Amino acid sequence: MKVLYDLMAEYGMALDEDRLEDWVELFEEACDYRVVTRENVEQNLPNVLMWCDNKNMLRDRVESYRNVNLYNPHYDRHVIGPLRIAGEKANVWSFDASYSLFQTDLEGNTRIFSVGRYRVEARLAGDAAKLKSVMVIADTGTVPSLLATPI
Amino acid sequence: MEAKIDWPRNDYSRVPFRLHHDPALYELEMERIFRGPAWSFLCLEAEIPNPGDYRTTWVGDTPVIVSRDKEGAIHAFVNRCSHRGAMIVRNLRGNAERLVCLYHRWCYSSAGELTGLPFRKGLKGEGGMPADFDMRAVSPRKLKVENCSGMLFGTFQPERAEPLDKYLGEFGTGIIKRFLSKPIRILGYSRQRIAGNWKLYAENLRDTYHASLLHEFFVTYGVDRATQKGGVKMDARHRHNMNHAYAASDSQEDAKAAYADTAARLDRMQLRDKKLLEFKNEYPDGMNLAAPTFFPNGLLIQINNTIGARQIRPKGVDAHEVFQTLFAYADDDEAMVRHRLISANLVGPAGFVSMEDGEAIEVIQRATASAGDSSAVVEMGGRDPLRDLAHRVTETPIRGFWSYWAELMGMEPAGGIK
């Protein structure tokens, strides 16, 4: 499923190149983006670090980062592993992928910021795919410093 | 460096930067505050509802188990085997009749008593512990636990500590009851590791001056502005504090005049999805922001309809973890739980109105490592005696924190204010 691989490649690159607005455009309007931690998931607890239950909330987050919030200046680098495709239903493909997210400060010091897995649903329409839902399940439950730019 | 402080002033309006960097002071804080007579926040009672439930926590740098025995009584004791010092419980939580150390299988009751150990009497008459070995005498160190409306506090030195209700004061017991007026349901946890001394976080919680300046989201979208009705409230000893504000108690015009720099943004920026900031008033006092903080490590937090508790966990002189537990009320319907989780976008490590704290604290820690004998300036709101204020343009509660910190550390300046 090359189109799904391409989608996730652009997902990582858009974030790493600080094209947050392009990243938002990878989602469909009625989407769901959530960052949760494995600690909560394994205890069946619904807590979220971040939750946008539609595309407007994603737009609001990005606009707030651009104009309002202050956070540590950094570069992100996502390394996304192979997709494990679970199946398809009505053109919506479900898959998992592991990720590693490295963060580098302006003086070039790099740290592992977060590792975990994506649980994704993507809708296929012709040659294109849009994200219906992304649940980031972070093994890294202790957020180093703070979490601003999306995972 | 010797652990002695030359306070430039006895009103704590100057705070030497080295108090955030000196490893000897850090060791003394662990001994004199966290293992001393202060009452530390342990966890919420709702986290261990059933007999046999336990969970692990931290009091300063000491690992602690909080557990409920089969009669329902709550205990807390050091999570360290009496034998060779291994951590007894290694998971975050669970339910067990007895707790067993992995190394040599020494067994502990829910009350933290050593109750058995393998081969105590030897094997076939050989080996074993001496006949006079007293299990009781070596049981792990216990904390005295008190329950204030469902918020559990513990102290290592009950003989020196004030009774908890006196320690918290009417202010503390009243506000805890307000948050925990009915049964709660835990929604989950978040953790944030900040590369700064733990006291920078404690100061941050008492610094109402920064809230609407550092966290521009507050002002831009009108969640919390210094122009709102609100203030700081402290206990009689000024060691605890509550920053608070009342919803919709200012006008857009007031705010524009006060925040000239961001005024232009107030009209221009609007959230596309306004449910993020929806506030359903559920308390008679009408506060939409309440952040009561309890010396040394506890905090309750309400921002709109997200409610929770936080614990500060020192991790060496230059780092700490902020452990946050969000909850709902047990009688909330599904829509209300969802609303609280959406509101949770405001708080925590990724919170719209909290993420900046991590950065502010880290840049202080980084820049002050080389600050030598110089001090922070804490004069906003004046140098007057410590008292409650009906405004938030102040840092007075920070001075209160240092006053009590210095008392417990035995390092008060001559004539230090209280």
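Student: Which strand of chain B does β8(A) pair with, and in what sense?
Tutor: β8(A) pairs with strand β12 (residues 184-194) of chain B, in the parallel sense, over 3 bridges. Two strands pair if DSSP finds at least two bridges between them. Helices (H or I, at least four residues) and strands (E, at least two) are DSSP runs, numbered from the N terminus. This is a predicted model: local features need pLDDT of at least 70, side-chain atom pairs count only at pLDDT 80 or more, and totals for chains, interfaces and linings use all residues. Residues are numbered from 1 along each chain as its sequence is written, while chains are lettered from A and ligands numbered from 1 in the order in which they are written.

Student: What stands opposite A:P144?
Tutor: B:R193, in β12(B).

Student: How many residues does each chain put into the contact?
Tutor: Chain A puts in 30 residues and chain B 34 residues. Contact is C-beta atoms, placed from the backbone, within 7 Å.

Student: Which element gives the most on the chain A side?
Tutor: α4(A), with 6 residues. The side of chain A that touches chain B divides into 16 nonpolar, 11 polar and 3 charged residues. Ala, Val, Leu, Ile, Met, Phe, Trp, Tyr, Cys and Pro count as nonpolar, Asp, Glu, Lys and Arg as charged, and the others, Gly among them, as polar.

Student: Switching to chain B. How is it divided?
Tutor: Into domain 1 (40-148) and domain 2 (182-409). The bounds come from an automatic or database domain assignment. The C-alpha centres of the two domains of chain B lie 36 Å apart.

Student: How many residues are in contact between those domains?
Tutor: 8 residues of domain 1 of chain B are in contact with 12 residues of domain 2 of chain B. Strand β2 (residues 40-44) of chain B gives the most to the domain 1 side, with 3 residues.

Student: And α9(B), which residues are buried there?
Tutor: B:M355, B:E356, B:D357, B:G358, B:E359, B:I361, B:Q365 and B:T368. Buried takes 20 or more other C-beta atoms within 10 Å of the residue's own, exposed 12 or fewer, partly exposed in between, with C-beta atoms placed from the backbone.

Student: What covers them?
Tutor: The cover includes β12, α3 (198-206) and α4 (208-214) of chain B.

Student: Last one. Why does A:E10 count as partly exposed?
Tutor: Because A:E10 has 17 C-beta neighbours inside 10 Å. A:E10 lies in helix α1 (residues 2-16) of chain A.

Note on methods
Contact = placed C-beta atoms within 7 Å.
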